[in-house]
Amino acid sequence: MQREQHAVDLDYSVFTLTVLALAAVIAGIMKTGIPGLGVVLIALVPMVMPAKESTGYILPFLVLGDFIAVFYWRKQAIWRHIIAVLPSMFVGIVVGYFLMGRIDDAVYGKVLGAMVLFLAGLDWLCRYFKVPMPQNSRIFAHGIGFLAGI
């Protein structure tokens, strides 16, 4: 089965380059633990490029930031939590790969927005109402891992 290739015609204006550079900086700062920057990042990049392509732009920054954070904090990391989400994250990546070629940009933008709102709401619930994350729940770990992968 051949995946359809789309030509992306991006306008690399000063505004576009500024927004993309700002997004890269936010991706780096976001890994320092400032809550809420992820939502800004995911809302910022689709302003200058289609939603699907924005994912391709953002993802390398986030993955690189995760690798650096895990390497830097490797002695303090709770490895069983990291390892618990990996299998479902890889499944989510494969599912996301196949879905990406089958849905249009408008639908993808809505799905991405819904996932961001869900995860931001979950974070808000845990922070402001002191609801603890279910740390030893396999269902929670697999669900979060799957969403992260997609």
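Is Trp-124 buried, partly exposed or exposed, and at what relative accessibility? I looked this up first. Trp-124 counts as partly exposed, at 45% relative accessibility. I keep in mind that this is a predicted model.

**Entry: aromatic pairs**

I searched the whole structure and found five aromatic pairs. I noted Tyr-57 with Phe-61, an edge-to-face pair with 5.2 Å centre to centre and 65° between the planes. Both residues lie in helix H3 (residues 51-72), four residues apart, so about one helical turn separates them. Tyr-57 is partly exposed, with a relative accessible area of 22%. Phe-61 is also partly exposed, with 32%.

Next I took Trp-124 and Phe-129. Their ring centres are 5.1 Å apart and the planes stand at 90°, so this pair is edge-to-face. The cut-off for that class is over 60 degrees. Phe-129 is exposed, with a relative accessible area of 52%.

**Entry: charge over a ring**

I looked at Arg-74. Its charged end sits over the ring of Phe-71, 4.3 Å from the ring centre.

**Entry: H4 against H6**

I turned to helix H4 (residues 79-100) and helix H6 (residues 138-149). Their axes come within 6 Å and cross at roughly 35°. The crossing is right-handed. I listed the contact residues. On H4 they include Ala-84, Val-85, Ser-88 and Met-89. On H6 they include Ala-141, His-142, Gly-145 and Phe-146.

How values were computed: Residues are numbered from 1 along each chain as its sequence is written. This is a predicted model: local features need pLDDT of at least 70, side-chain atom pairs count only at pLDDT 80 or more; totals for chains, interfaces and linings use all residues. Side-chain values use heavy atoms; hydrogens and water are left out. Axes are lines fitted to C-alpha atoms, for helices over the stretch in contact, and angles run from 0 to 180 degrees between N-to-C directions. Helices (H or I, at least four residues) and strands (E, at least two) are DSSP runs, numbered from the N terminus. A crossing is left-handed if the near helix is turned anticlockwise from the far one by less than a right angle, and right-handed if clockwise. Contact means heavy atoms within 4.5 Å. Rings of Phe, Tyr and Trp (its six-membered ring) pair if their centres lie within 6.5 Å; planes under 30 degrees apart count as stacked, over 60 as edge-to-face and the rest as tilted. Buried means under 20% relative accessible area, exposed over 50%, partly exposed in between (1.4 Å probe, protein chains only). A charge sits over a ring if NZ of Lys or CZ of Arg is within 6 Å of the ring centre and within 35 degrees of the ring normal.
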